[in-house]
Structures are given as structure tokens and as C-alpha cells.
Amino acid sequence: MSKDWNTRTKLVHEGIRRSQYGEVSEAIFLTQGFVYDSAEQAEARFIEVGDDEFIYARYGNPTVRMFEERIAALEGAEDAFAAASGMAAVNATVMSLLKSGDHVVSSRALFGSCLYILETILTRYGVEVDFVDGTDLDAWKAALRPDTKAVFFETMSNPTLEVIDIEGVSALAHEVGALVIADNVFATPIFSRALEQGADVVVYSTTKHIDGQGRCLGGVVLGTRDFIRKTLEPYLKHTGGALSPFNAWVMLKGMDTLDLRVRASSDTALKLAQSLEGHGKLSRVIYPHLASHPQFDLAKRQMEGGGTVLSLDIAGGKEAAFRFLNALEICTISNNLGDSKSIVTHPATTTHQRLTPEQRAALGITEGLVRLSVGLEDAGDLLKDVEQALARV
Ligand SMILES: *Cc1c(COP(=O)(O)O)cnc(C)c1O
């Protein structure tokens, strides 16, 4: 399709495959299999699958393909392959690429399940994994080796919103020939251009901003046609992590409004961060586009917006944080993010509960830290809600 479309046009029109009925809205092809006109056609398709041909929904499906083509166009990626969840996407990326004896360097601040895959599963199969402070380029440089096959990082970490220098880390990784894999969930496909900045493979949990309305799990891997078709696809299609056509349709409809939603939530997140900074009940407000963020310059250079998540460190530890959470009236207590509803999480007792106190301290996850994923509510109402809850701490 037209390469000079801008984001909002791509988000609405890219990837559409219309059936003979000429439907306006993308159709849900809720089918596992596909009928062949003849035995000869079936034989031919098993030799080579054409662009608009399908064999079985675990391998591909027209609705899923629409979603893959739309997000590939948005990211400027050669190709994409969808997965049943963000973790199915991360798992398939590393398991399809790596083998026993390979070396991987990863940032330490990772989503819990990503950490499990790298630290527990990969090492069980003889992959050597070194973890570094992802914000420290010297640490990356020291850990990289001539035999390093891949580096892995979350471009913006959860929940302390550290920003990884994509260009810096990618340049170092490419010097030793390592593939750069970036989990780009927190930075969002709207504000981040991770592929342009040097990442080779970008992974999303589409469960977050792309659905954006708290309904379905999904994931996607983006990269070169060679990586997607020759490395990732054979693994993913044979191991069963396919995205359901229904969920792909939800993601397609989510993409229609992705730019509008992410920008609205991010504007509100910045307003909240600015208004709450210096509040007497908070020891710290963390938001990448606040001048007080330790990597403000990098965050401004690398991301067009600061994202939809901010973190608040409530003075008074766990007890104060719990009182704050329980006093909120609009923001709901849950552990998802990127939703139209604002969601608060206490990482130390939920998402990061299984870490030791030392590990949490190393990641900056204090007992008072609260992660706030900003939704689509009115900014003034949200600020009032946070302020009234802080008053009750
Ligand atoms: C949520 C999330 C995942 C996992 O995605 P699922 O869709 O829940 O499997 C991976 N990485 C990051 C950064 C996430 O926020």
C-alpha cells in the first residue's frame, strides 16, 4: 500500500483484505481451515503458500494477517507475526533464535515473565544469559562478547520507567554481530521508533495499548522478512502460539483509535506528573518527560511522548501506599496497563512480589511505589481523585 501515509491513515486503512462482499469493516474469518478447489491446489499450497492463501489458522488467517500487515506498516517493519499473547511473542522470538551454547545480554529491569524466560528457561537449555543495568552503556559494552547472539531489553522499564538508549545499545550489539530484541510495550508503537533507532526485532504485548480496552490477550513480533519468515514463523506455527482470529479483529479495531488514545492518555499522564511533583505526600514522581527524570534528555530524544504510565513513590511505605490505593474512587486496582480505564498497581506486593527485597531495591521498587496507568478519563477528574486519595494517606 501507499508508503507515504501518515500514522492515523495507516492505523485505519493498512492491511485491509476485503472479501467478495466488499464489507466496510474488517471481517472476522473465524475459521480454522481453508477449502481447496482441487487436490492439485492443496498440493501446490503445501509446496508454497501465496500471499493471499492460507492453510490452517495456526499458520495464518486472513483476519490475523490484516492485523500483522497493519502493525508492520505502522512500524515500518518488513514483516510481522502475531502471537497469542505478549509472552508467546517473547518466548517464540528467543526460542526460535537461540540454541545451546549461545550467549545473551539482557537488561535486568524486566517484566517478570520475560525474566523467567531468560533466567530460568533459556539457561535450562544451555543458553548463557548475563544481566546488566540497562541504563549503563559501559555495562553493556563490558558484557558483550564476540559470541553474543542477542541482546534483550524493555525500551522503557516497568515500573520505574528507566529508558534504554536504543541507538547506543544497538550500536554496541551490532559491533559484535548480536541481534537486538526490544520489548517496546511501555514506549508504545505511537511514541517509539525502535526499529529506526537500531533494534532488529520489536516485540509487543498487544494486550496493552493496542487492544487498549482490557479485552483480549495478544502479541506480535516485528522484524525483517528474513527473520520473521525463516526463523520465527517455523517455530511459532509448529508450537501453537497463534493469535485467535477474534482477538486479531479486536486488535485491528483497537488500532483504528490507537494514536488518539495513546496521545490522550499520555497528555493526561504528563499533566498529572507535573501537577503532583512536589506534593507533600510523595517522595518522588517518575515520568520520562518530566525534567526531573534522570534520563529526561534521552527520553525526549528517543520518544515523541512520555507514555501513558507514571509512578508515584508515596512517602510512608506500604501502609501509606495501600491507604492511597484503597482511597481512590476512579482509578481501579488491577495489574494491567494501557487500558482506557486508569489502573493502579502496587508492584512490591503484586507484579514484583516474587523478587527478594534486595532485588526490588536494586530495581528502585520501594514499598511506597505505585504505578499508575493513565486511561481516557478527564484529566481534571483524575487529578482530583489522586489528590483526595493522597489527602487520606
Ligand atoms: C504485559 C507485558 C508483557 C506480556 O504480555 P502478555 O500479553 O501479558 O503476555 C511483556 N512485556 C511487557 C513489558 C509487558 O508489559
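Colleague: How many disulfides does the structure hold?

Modeller: The structure holds zero disulfides, where a disulfide is a pair of cysteine sulfur atoms within 2.5 Å. Please keep in mind that this is a predicted model, in which local features need pLDDT of at least 70 and side-chain atom pairs count only at pLDDT 80 or more, while totals for chains, interfaces and linings use all residues. Residues are numbered from 1 along each chain as its sequence is written, and side-chain values use heavy atoms, with hydrogens and water left out.

Colleague: And cysteine 216, buried or exposed?

Modeller: Cysteine 216 counts as buried, at 9% relative accessibility, and cysteine 331 is buried too, with a relative accessible area of 5%. Buried means under 20% relative accessible area, exposed means over 50%, and partly exposed lies in between, with a 1.4 Å probe and protein chains only.

Colleague: Which residues touch the most other members in the largest nonpolar core?

Modeller: Those are Phe67, Ile71, Val151, Phe153 and Leu222, out of 91 residues in that core. The core lies between domain 1 (7-256) and domain 2 (258-391), because both give residues to it; the domain bounds come from an automatic or database domain assignment. A nonpolar core here is a set of buried Ala, Val, Leu, Ile, Met, Phe, Trp, Tyr and Cys residues joined through side-chain atoms within 4.5 Å.

Colleague: What is phenylalanine 153 in contact with?

Modeller: Leaving aside neighbours within four places in sequence, phenylalanine 153 is in contact with Ser107, Trp140, Ile164, Ile166, Val169, Val180, Ile181, Ala182 and Asp183, contact meaning heavy atoms within 4.5 Å.

Colleague: Changing topic, where does proline 234 lie?

Modeller: Proline 234 lies in helix 9, which covers residues 225-239, and is partly exposed, with a relative accessible area of 32%. The chain has 15 helices and 12 strands, taken as DSSP runs numbered from the N terminus, with helices (H or I) of at least four residues and strands (E) of at least two.

Colleague: How far apart in space are proline 234 and leucine 328?

Modeller: They are 47 Å apart, C-alpha to C-alpha, and 94 residues apart in sequence. For the chain as a whole, the C-alpha atoms fill a box of roughly 75 × 50 × 35 Å along the principal axes.

Colleague: What share of the chain counts as buried?

Modeller: Of its 393 residues, 56% count as buried.
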